[in-house]
Amino acid sequence: AVRRRRVVAHHRRTPRAVMNSPIVEIDFTDWQQAHPRPEWTAAVEAGKVLYFPKLGFDLQPAERALLREDMLAAGKRNVSLGADGVLKGAAGSADEQQALAAMIGRFRAQAQGLIDGLLPEYKGQLRMAPTSFRPKQVETRAQSVRADDQRMHVDAFPSRPNYGERILRVFTNLNPHGAPRVWRVGEDFETVARQFLPQAKPYRLWQARLLNALHVTKSLRSEYDHLMLQLHDRMKFDEQYQKNGTQMTMPFPPGSVWVCFSDQATHAVMSGQFMMEQTLYLPPGREVNPQASPLAILTRLVGRPLVGVGAGSAR
């Protein structure tokens, strides 16, 4: 049921990249009839990407007309649908926005059903974020180095400390012209952390308190959140790592779905247009194997607690 294919090396092909593929292919064909296997849970919790080549999102005929970049409001990066049903960031007529909200909502229900079946250990524990529709072409976005997702990184939030809460994401490529959503997928989280942690600036509690007081952050930034941001930034600013780090190119074609913990899977989004994405947050420690999480790995490498009362206070 699990095969690995269509994975092409990026920049260079190394025996390690080939032998330890970060892509796990699964042949599900029905969103609502997903079934679990321990090795798939272990794989996603190790930072691998679960790839479903036959689990595409079926557009209704009228919805194809919504796959236009001008459905995105000026100055917005994505269209989002909140849990309250409110659509944000959309342009188009009132009827088009209503149809777009229905389309995104249907994807949200299917993504939730997939995760409930695939990862039943998380059922009842996940917190749902707004669902997004991304009609912009990745290659034409003008962004700073820090914000540029075409550079290898792990996801971390500058303004929203999460204290080790996991970021589980479900993606589907809707492109009507056959264009893949092309990712680069890199080494395991611990290997990357060992490379970049020595370069990290030290955590300062007074700085975290100041950022919170100035409302730069929505809550007090923990040392864990500080280190995750340092990894994110150090990876993106390291030109040699971006060019020569062990990584693989993975083209996700239209009609496919992929799932990963984006705070753990090292990745970059190189090209593509028209995608939907559902984020689900898992509380820290609720994984099947919490010791494989970024929080546990960084705590082990640093040698002290990184969240909670007193964490980082010595600095």
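This is a predicted model: local features need pLDDT of at least 70, side-chain atom pairs count only at pLDDT 80 or more; totals for chains, interfaces and linings use all residues.

Visitor: How much space lies in the largest pocket?

Guide: Start with the general idea: rolling a probe the size of a water molecule over the atoms shows where empty space is left. On a 1 Å grid over the protein atoms alone, a pocket is an open set of points with protein on both sides within 12 Å along at least five of seven lines, while a cavity is a set where a 1.4 Å probe fits but cannot get out; lining residues have an atom within 4 Å of a point. Points are joined across faces, edges and corners, and a volume is the space filled by probe spheres set on them. Here the largest pocket holds about 1,400 Å³. Its lining has 49 residues, and R77, A156, F157, P158 and R160 lie nearest the centre.

Visitor: Which elements give two or more residues to that lining?

Guide: They are β7 (127-134), β8 (166-173), β9 (181-186), α5 (205-213), α6 (223-237), β12 (267-271) and β13 (275-282). Those labels are DSSP runs numbered from the N terminus: helices are H or I with at least four residues, strands are E with at least two. The largest share, eight residues, comes from α6. By class, the lining of the largest pocket has 17 nonpolar, 13 polar and 19 charged residues. In that count, Ala, Val, Leu, Ile, Met, Phe, Trp, Tyr, Cys and Pro are nonpolar, Asp, Glu, Lys and Arg are charged, and the others, Gly among them, are polar.

Visitor: And what is the volume of the second largest pocket?

Guide: About 360 Å³. Of its 22 lining residues, N20, K48, G186, E187 and D188 are the closest to the centre. The elements giving two or more residues to it are α1 (15-19), β9, α4 (189-196) and β10 (247-252). The lining of the second largest pocket splits into nine nonpolar, eight polar and five charged residues.

Visitor: How many cavities of 30 Å³ or more does the structure hold?

Guide: One, and the largest cavity has about 80 Å³ of space. Among its lining residues are D155, A156, F157, R160, Y224 and D263. Helix α6 gives the most to this lining, with four residues.

Visitor: Which strands does β9 pair with?

Guide: Two strands count as paired if DSSP finds at least two bridges between them. Strand β9 pairs with β10 in the antiparallel sense over six bridges, and four bridges join β9 to β12, also antiparallel. For landmarks, R181 stands opposite F252 in β10, and R184 stands opposite A268 in β12. Five of the six residues of β10 are buried (under 20% relative accessible area; exposed is over 50%, partly exposed in between, with a 1.4 Å probe and protein chains only). In β12, four of five residues are buried.

Visitor: Which residues other than glycine have a positive phi?

Guide: Most residues other than glycine have a negative phi, and most peptide bonds are trans. Y163 has a phi near 55 degrees, and Y163 sits in the loop between β7 and β8. At 30% relative accessibility, Y163 is partly exposed. H215 has a phi of about 65 degrees and is found in the loop between α5 and α6. H215 is exposed, with a relative accessible area of 69%.

Visitor: Is S132 buried or exposed?

Guide: Buried, with a relative accessible area of 7%. S132 is in strand β7, and its side chain makes a 3.3 Å polar contact with that of R134. A polar contact is a pair of N or O atoms within 3.5 Å; within protein, one must be able to donate a hydrogen and the other to accept it, and residues adjacent in sequence count only if both atoms are side-chain atoms. Leaving aside neighbours within four places in sequence, S132 is in contact (heavy atoms within 4.5 Å) with residues including N78, S80, M275 and E277.

Technical notes: Residues are numbered from 1 along each chain as its sequence is written. Side-chain values use heavy atoms; hydrogens and water are left out.
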